Amino acid sequence: MSLLVVGLSHRSAPVSVLERASLSADAQLKLLQDTVAAEPATEAAVLATCNRIELYADVDKFHAGVAELSTLLAQHSGVGLEELTPYLYVHYEDRAVHHLFSVACGLDSMVVGEGQILGQIKDSLARAQDLHTAGRLLNDLFQQALRVGKRAHSETGIDRAGQSLVTFGLEQLSAGADVQQWARGKKALVIGAGSMSSLAAATLARAGVAEIVVANRTFERAERLAQILSEGDDTDVLARAVPMDSVPVELTRADVAVSCTGATGIVLTADAVAATVERRTGAPAAEFGDVPSGADAAVGVVREAAEAPVPGAGTDENCPLDLSSVPTGFSVMGEAAVAGMDAATLEQHGAWAAGGAVADRTREAGRPGAEADAELITALAATAASVGRIPERRRPEPVAEVPRPQPVLFLLDLAMPRDIDAAVHRLAGVRLVDIESLADASADAPMAADVDMVRRIVADEVAAFGAALRAAHITPTVVALRSMAADVVAGEIARLEGRLPSLDDKHRAEITQTVKRVVDKLLHAPTVRVKQLAAEPGGAGYADALRTLFDLDPETVASVSRAENSTEKNRGPA
């Protein structure tokens, strides 16, 4: 069997596709069941977070496995296969192991180094164990991924390179200000009571908000989270729970709201947020980019001043320069503008700048160029002497956009699909940070030097896991070989008893033990060595060689493998 992963994430797909492809808890369970029911797969696990959906499976055929897993993802996500395929990635064997280990260390996260992914991997394994879809391979893989992730965080400073998505989101809301100073004294509304919402509530409490209101469809869960926040030893935040239908009222009291529910539709519409802003400010929430009437007048004054001709200068009409070809901000009538003119055009420009008639003093045929240039330059100098300078008139500078008003409401949307209408981005008085804007911000985040150390850890752990996997592949063959040897010993002892019926128990036991020791010593070195050789790259053929040399029954070997895999599938959550 071989490890295969098919999935999509924030690195391969836009947020709009991830939103549509997101899987509910029930859809994940059904996907697991359908995957192991499919012909190519014997094990399956789903890793679904706010920015990735990945299906891991143990398959016996690569191409058939890719086709089946891709089809299943499309069916259960509701996104057509043709539309989904361009965003899917496939990892196989060692590359699949490398991918999961990198994910566990936070290297593939939207916020590099965040540790929340470890809890999500643990939940994914527990879900597969509960449904008995994880056998020996996926149990070993996911448990080792958890160990690798913990090792990366304990042995390096990867935590300095990133933080949880919640912390990163709050940093974006505070627009570079210290989060604790920004949050101190604010009132917060947390919509949802799941793991992400609970993390957001705890992070806000530690940041120093004065009050946290938790809203959830299941009121008991909201009460439980509020109680945990109120009884926390490290904070003194006031926390209370409200039903979901109280969100519009609570939003008018809140300074910051974080939403992360499992809803498939919009929880906060743009109209609801606009109404909240209007109730708080007493004025309708204009869309960003709308210019108030007073600003219109100011912009008109600026534009009129910029377009007014410089005293003593001509208008654009009859100007010998091609104004349309001059870059914005370039000096139209100064030294930079006239430097490239020929002498005749230079004279025309001088006369035009002085406000006089433009004389058509083109070069007469047969007139020496040097003499004409000297005369024209003299004329330009006379113009400059009478005016005092060659007047400059620049093109009007671009009109500055009207500054966006300071937000009165901060919104953080960590849900996938989104909880808050994207149209809220355009509302004045609101700052919205969602998964899409977090992805854009994290693309420019600086990488810590410790990331290289984590990459080396991942590479070492992948090599070690591959060696252990290859060594484990030969274990059923070695077990079958030792079982065959034990049967041979038992048969020979039985024959001895038939030929020596008078043999007493003491001597029979001694002879039996001696024969077993001889067999064990003969098998010890070859079995140890074959495990070492099998652990090396390309060592899979040693199991076949062992079966051929000792004429082992393939069904015996297969039965050992099935027994081990059945034990792993029946294992409870770690």
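1. Which residue just after α11 takes a positive phi? In this predicted model, the residue in that place is Gly208, whose phi is about 105°.

2. The UniProt record, in an unreviewed entry, places the feature "binding site" at Thr49, Cys50, Asn51, Arg52, Ser109, Glu114, Gly115, Gln116 and Gln120. From this set, the lining of the largest cavity takes in Thr49, Cys50, Asn51, Arg52, Ser109, Glu114, Gln116 and Gln120. Please keep in mind that annotations of this kind may be inferred rather than shown by experiment.

3. Arg52 is found in strand β3, which runs over residues 52-59, while Glu114 sits in the loop between α5 (94-105) and α6 (116-130). Glu114 has a relative accessible area of 9% and therefore counts as buried, the cut-off being under 20%.

4. Arg52 also counts as buried, because its relative accessibility is 1%. Leaving aside neighbours within four places in sequence, Arg52 is in contact with Leu8, Ser9, His10, Leu47, Tyr89, His99, Val103, Asp108 and Ser109.

5. Where does Arg52 form salt bridges? One is with Glu54, where the closest N and O atoms are 2.9 Å apart, and Glu54 is itself buried, with a relative accessible area of 0%. Another is with Asp108, where the closest N and O atoms are 2.8 Å apart. Asp108 lies in the loop between α5 and α6 and Arg52 in strand β3, so this pair ties together parts that are 56 residues apart in sequence. Both Asp108 and Arg52 are buried.

6. A salt bridge in another setting joins Lys61 and Asp60, with the closest N and O atoms 3.8 Å apart. Lys61 is partly exposed, at a relative accessible area of 44%, and Asp60 is partly exposed as well, at 41%. Returning to Arg52, salt bridges that share partners join Arg11, Arg52, Glu54 and Asp108 into one network. The count for the model comes to 22 salt bridges.

Methods: Residues are numbered from 1 along each chain as its sequence is written. This is a predicted model: local features need pLDDT of at least 70, side-chain atom pairs count only at pLDDT 80 or more; totals for chains, interfaces and linings use all residues. Side-chain values use heavy atoms; hydrogens and water are left out. On a 1 Å grid over the protein atoms alone, a cavity is a set of points where a 1.4 Å probe fits but cannot get out, and a pocket is an open set with protein on both sides within 12 Å along at least five of seven lines; lining residues have an atom within 4 Å of a point. Helices (H or I, at least four residues) and strands (E, at least two) are DSSP runs, numbered from the N terminus. Buried means under 20% relative accessible area, exposed over 50%, partly exposed in between (1.4 Å probe, protein chains only). Contact means heavy atoms within 4.5 Å. A salt bridge is a side-chain nitrogen of Lys or Arg within 4 Å of a carboxyl oxygen of Asp or Glu.
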